[in-house]
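Thanks for asking me to look this one over with you. Have the sequence and the structure open side by side, and let's go through them step by step.

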Amino acid sequence: MKTKLDTFGELQKRIIGGDKKAMTKFVKLTYSGVFQTAFRITRNIEDAEDTCQDAFARFFSSLENFQEKSSLKTWLYRITVNRAIDAIRARKTKTIELNEELINIEKLTSFKTIENKELSQKIQDVIKELGPQQRTVFTLKHFDGLRFDQIAEIMKISPSTAKTHFYRAIMNFKKSLRDYVEK
Amino acid sequence: MNCESVKKFLPFYYYNDLDKTTTLEIKSHIKNCPDCRKEFNCFKKTIKLVDKEEKIKLPFVYRRALLNKILGTSNLKEAKGIFRTRRVFAFGSGFAAAIFLFFFLFLSIRTTDINLKWQDDSFTYKTEQLEESIADIHKIIAGETIQSAEGHSIDVEINSIYEDIEEITVFLSI
């Protein structure tokens, strides 16, 4: 099964060959997905933006060190995920303006009614309660549609560990949203 | 396979991440076991709720500013000239897929008045409505077949669509 990471063959060759136009195209094709992945892991717009910018900067500055064992996009995801997890850890040490953060997230989501807002809040809470590893595996699997072997490569863990994190994340959602599901 | 094992496999079954034999075994079990079927339906509903919540749509202005920042902080000097005055949508794919797209988009010019042109290795056309354009792409490609060089019919489906400020890139799997 092909995933998002398998589709840049020709572009990858041109980027590795130093084609600046191909690099620009790569940024335009991937930045939105990178931002969304970063946001889903960090749950904070400011962190997601910083992660996104930093990931691309690191990506291009270390391009000459790229070894073609994996795809460029896998590599970009790896940089993004590591940077996003670092951002979560760094944020834990800061004082968070919770209300402001929630307003930011709410602006990006699609719930409108009071009941949905309550549900929305519940889902946000569950996501926030997931550990960084569980949240990252769930994001890469569910939203980015990656295979467990790709997730394992990105996160430098084994595929079975990735599956365990994923299973636990799913069970957390299931447990916390049971009341809404059974309505 | 007993109910306990099936329930453990359900998330992986849902995401099509099991081998063929296990998948068929679970499929058959769910069909015949009301309890596991209920469990699977609950699981699907849970995922649907999370999906609904997680629709992130960034405003156009924000996306443009973000892209500018990324290009500004990376070492891509020629990136400054990438913005065009009108939105341009690009279709990227292999050569065979590009030929296929040409025929279907050529037809679409006549029906939807889309201005199609060849540029670099992509097909691009200009339009003002992003959402309508995505719908057009689906209409054009969904369920179609093309002829291979050997004359066989090949089913074509959209592998993925990348939507950005100016471009939609469609990757096809044949």
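Here are my notes, as numbered points.

1. Before anything else, keep in mind that this is a predicted model. Its overall scores are an ipTM of 0.72 and a pTM of 0.63.

2. Let's start with chain A. Its secondary structure consists of 10 helices and 0 strands, so if you walk along from the N terminus, the elements read α-α-α-α-α-α-α-α-α-α. Of its 183 residues, 40% count as buried. Now look at contacts in chain A between residues at least 6 apart in sequence: 67% of them join residues at least 24 apart.

3. Next, zoom in on a pair of helices. Packed helix pairs are described by the angle between their axes and the distance between those axes. Here the pair is α8 (residues 148-155) and α9 (residues 159-176) of chain A, whose axes come within 8 Å and cross at roughly 100 degrees. Angles of 65 to 115 degrees count as roughly perpendicular, and α8(A) and α9(A) are therefore roughly perpendicular to each other.

4. Which residues in α8(A) and α9(A) meet? From α8(A) come F148(A), D149(A), I151(A), A152(A) and M155(A), and they meet P159(A), A162(A) and K163(A) in α9(A). Sorted by class, this contact has 6 nonpolar and 2 charged residues, with no polar ones.

5. In soluble globular proteins, nonpolar side chains tend to be buried together. The largest nonpolar core in this model has 46 residues, and the members touching the most others are Y31(A), F35(A), A38(A), C52(A), I151(A) and I70(B). Helix α2 (residues 20-42) of chain A gives this core its largest share, 11 residues. Another core lies apart from it and has 6 residues, including V6(B), Y13(B), C36(B) and F40(B).

6. I70(B) deserves a click of its own. Leaving aside residues up to four places away in sequence, I70(B) touches V27(A), Y31(A), C52(A), Q53(A) and F56(A).

7. Finally, a word on confidence in chain B. Its pLDDT averages 61, and 39% of the residues score at least 70. Which elements of chain B have the lowest and the highest mean pLDDT? Strand β2 (residues 115-119) has the lowest, 32, and helix α2 (residues 20-32) the highest, 91. The pLDDT is below 50 over residues 144-150 of chain B, a stretch with 11 contacts in the model beyond near neighbours in sequence. Residues 152-161 of chain B also have a pLDDT below 50, and this stretch has 30 such contacts.

Conventions. Residues are numbered from 1 along each chain as its sequence is written. Chains are lettered from A and ligands numbered from 1 in the order in which they are written. This is a predicted model: local features need pLDDT of at least 70, side-chain atom pairs count only at pLDDT 80 or more; totals for chains, interfaces and linings use all residues. Axes are lines fitted to C-alpha atoms, for helices over the stretch in contact, and angles run from 0 to 180 degrees between N-to-C directions. Helices (H or I, at least four residues) and strands (E, at least two) are DSSP runs, numbered from the N terminus. Angles under 35 degrees count as roughly parallel, over 145 as roughly antiparallel, 65 to 115 as roughly perpendicular and the rest as oblique. Two residues are in contact if their C-beta atoms, placed from the backbone, lie within 7 Å. Ala, Val, Leu, Ile, Met, Phe, Trp, Tyr, Cys and Pro count as nonpolar, Asp, Glu, Lys and Arg as charged, and the others, Gly among them, as polar. A nonpolar core is a set of buried Ala, Val, Leu, Ile, Met, Phe, Trp, Tyr and Cys residues joined through C-beta atoms within 7 Å. A residue is buried if 20 or more other C-beta atoms lie within 10 Å of its own, exposed if 12 or fewer, and partly exposed in between; C-beta atoms are placed from the backbone. pLDDT is the predictor's confidence in each residue, from 0 to 100.
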